[in-house]
Amino acid sequence: MSRVVLSIGSNVGDRLARLQSVVDGLGSAVRSVSPIYETEAWGGVEQGAFLNAVLIADDPDRDCHGWLRRAQQLEQAAARVRGQPWGPRTLDVDIITCHDGGIEMRSGAAQLTLPHPYAHLRAFVLMPWLAAEPDATLTVADTTRPVARWLEELDPAEPAGVRLTDLALRTEIVAD
């Protein structure tokens, strides 16, 4: 069974509808959805705030590259344009981790780096992930630790800039 952690974000147009399109697009594969957080744009480019969430999904017929293809299809459906690095995005769907059975997959390929190389530095990923999966772990440089510990080690300004909203994504999560 292939299990994936996806970080989703949008700061262009109907941000909530863009996030909802991912949940809808994954359908019954979705196992857990975080609350929605709002975060100021990251990376030094002037732009509006992002809505961010994390989804946990699984599919016995999809490998990590299959998840990447699906994430890119969802971005394309939202008219994602890959222009300016760290620029505005209609929809961003990032694979944070992918597991095959109980094994965390690793990839150093240019098109798919797993686990995500910067997830442990981004409160807008870690905070929603903890909400969706409180016992989550993340491997960085061959060290696997609880996501909560990675979050504790961030500069306090990082999590302070991630605000819980009262928005929610509609789901039809199927129990295992």
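How many disulfides does the count come to, by the rule of cysteine sulfur atoms within 2.5 Å? I get a count of 1 disulfide.

Entry 1, ground rules. I am working with a predicted model, where local features need pLDDT of at least 70, side-chain atom pairs count only at pLDDT 80 or more, and totals for chains, interfaces and linings use all residues. Residues are numbered from 1 along each chain as its sequence is written, and side-chain values use heavy atoms, with hydrogens and water left out.

I looked up the pair and found Cys-64 and Cys-98, with sulfur atoms 2.4 Å apart. Cys-64 sits in helix H2 (residues 64-77) and Cys-98 in strand E5 (residues 92-100), so the pair links distant parts of the chain, 34 residues apart. Helices here are DSSP runs of H or I of at least four residues, strands are E runs of at least two, and both are numbered from the N terminus. The S-S torsion of Cys-64 and Cys-98 is about -100°, so I noted the disulfide as left-handed. Cys-64 and Cys-98 are both buried (under 20% relative accessible area, 1.4 Å probe, protein chains only).

I list 5 helices and 11 strands. The radius of gyration, over C-alpha atoms, is 15 Å, close to the 16 Å of the globule rule for 176 residues, so the protein is as compact as a globular protein of that length. That rule is 2.2 Å times the number of residues to the power 0.38. The C-alpha trace spans about 40 × 35 × 35 Å along its principal axes. Buried residues make up 49% of the 176.

Key: Buried < 20%, exposed > 50% of the residue type's maximum accessible area, 1.4 Å probe, protein only. Disulfide = S-S within 2.5 Å.
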